[in-house]
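Keep the 3D view open as you read.

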Amino acid sequence: MIHARITGTGSFLPERILTNQDLERMVDTSDSWIRERTGIEQRHIAETGQLTSDLAEPAARAALAAAGRRPDEVDLLIVATTTPDRVFPSTACLLQQKLGIHGSPAFDIQAVCTGFVYALSVAEKFIKTGAARCALVIGAETLSRIVNWNDRGTCVLFADGAGAVVLEPSEEAGILSTHIHADGAYESLLTTVKPPPDATPESLADGTAFIEMRGNEVFKMAVNTLGRIVDETLDAAGLSYADIDWLVPHQANIRIIQATARKLGMPMERVVVTVNRHGNTSAASVPLALDTAVRDGRIQRGDMLLLEAFGGGFTWGSALIRY
Ligand code: ACO
């Protein structure tokens, strides 16, 4: 049986760092509140004019280099993003042009924070059926453009970045299963709205849509839903909690990550945590965390990985991977 195997990972963060102390000067918040409630210490923010495809390109090139592939070998390109450069062309097409790839399919997937898991799930099917032999799958965001910088409830959370993987066919196990879900009944708990009346030009980077979240309700839903998807994933594979070497979760909030780890009975040493330094980069957060742990040597070939994510929609999903 042919599996889709991750043959390379890459990531990119914009240079500019916004610390909790910087935020203390912007809204009524404190470093201690942000650390205690979210685990976030700092986040990276794109420069004005630095768009999602600008972050995706170096992440994609790093993943291709790690896989030993050239851009012209890519025959499927998927970008998961909530913050595309433009309404159209897709960010995938804009990135394709930057990478000098011509002719192969390229499209975006919009599933907010679960976007990368959705994209991985789609790309896996292309590889397994033989429709693609070298898929580039990217999660990339410039969420700072749709944050209301006057809203302390959300502006402390979100950030920018990109992560990428290359998928290729393999006879050895790679992606063992993916599980993706959505329920639009919850759309109003985490959504985008028109600029609020108190918005000032300085608080609006983009000016079209802004994140609005009922944080506490989202928090409870995220913890319960992620607990369920972990069970669904392990049951489908006939595995138990003890078989997982690394949990690579969506980096929304350290308390949500800790709750999922507790459910798995996993010590936090086996959980990849980047939320403290990256904040919540939505579709970029899982591939950014994966690349971080691959490059620093924690994740080794042969390890069993559980990737999971939860986001606006609501959407949620997981991937079980023999790395
Ligand atoms: N600084 C100081 N005080 C604050 C801040 C802040 N930045 N933000 C809110 N507060 C205040 C609130 O006003 C409230 O004050 P009150 O008690 O006087 O009314 C108090 O802190 C508690 O507010 P809660 O919202 O109940 O705080 P909570 O512990 O739930 O933490 C948080 C808020 C961090 C947003 C949390 O709810 C959370 O992480 N939610 C889930 C986020 C998530 O997972 N999103 C999904 C993925 S994101 C995506 O899909 C794009």
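The ligand is surrounded by 27 residues, and the closest are Thr-29, Arg-37, Cys-113, Arg-152 and Asn-253. Here a residue is near a molecule if one of its heavy atoms lies within 4 Å of it. This is a predicted model: local features need pLDDT of at least 70, side-chain atom pairs count only at pLDDT 80 or more, and totals for chains, interfaces and linings use all residues. Residues are numbered from 1 along each chain as its sequence is written, and side-chain values use heavy atoms, leaving out hydrogens and water.

Next come some polar contacts (a pair of N or O atoms within 3.5 Å).

| Residue | Atom of the residue | Ligand atom | Distance |
|---|---|---|---|
| Thr-29 | side-chain N or O | nitrogen | 2.6 Å |
| Arg-37 | polar side-chain atom | oxygen | 2.7 Å |
| Gly-312 | polar backbone atom | oxygen | 2.9 Å |

Which element gives the most to the shell around the ligand? Helix 7 does, with four residues; this helix spans 215-237. Helices (H or I, at least four residues) are DSSP runs, numbered from the N terminus, as are strands (E, at least two).

Now for the backbone. A cis peptide bond joins Phe-88 and Pro-89, with omega about -5°. Another cis bond runs from Gly-313 to Phe-314, where omega is near -10°.

Two residues other than glycine have a positive phi: Val-112, near 50°, and Ser-282, about 50°. Is each one buried (under 20% relative accessible area), exposed (over 50%) or partly exposed (in between; 1.4 Å probe, protein chains only)? Val-112 is partly exposed at 22%, while Ser-282 is buried at 2%.

Note on methods. Polar contact = N/O pair within 3.5 Å; in protein donor to acceptor, adjacent residues only side chain to side chain.
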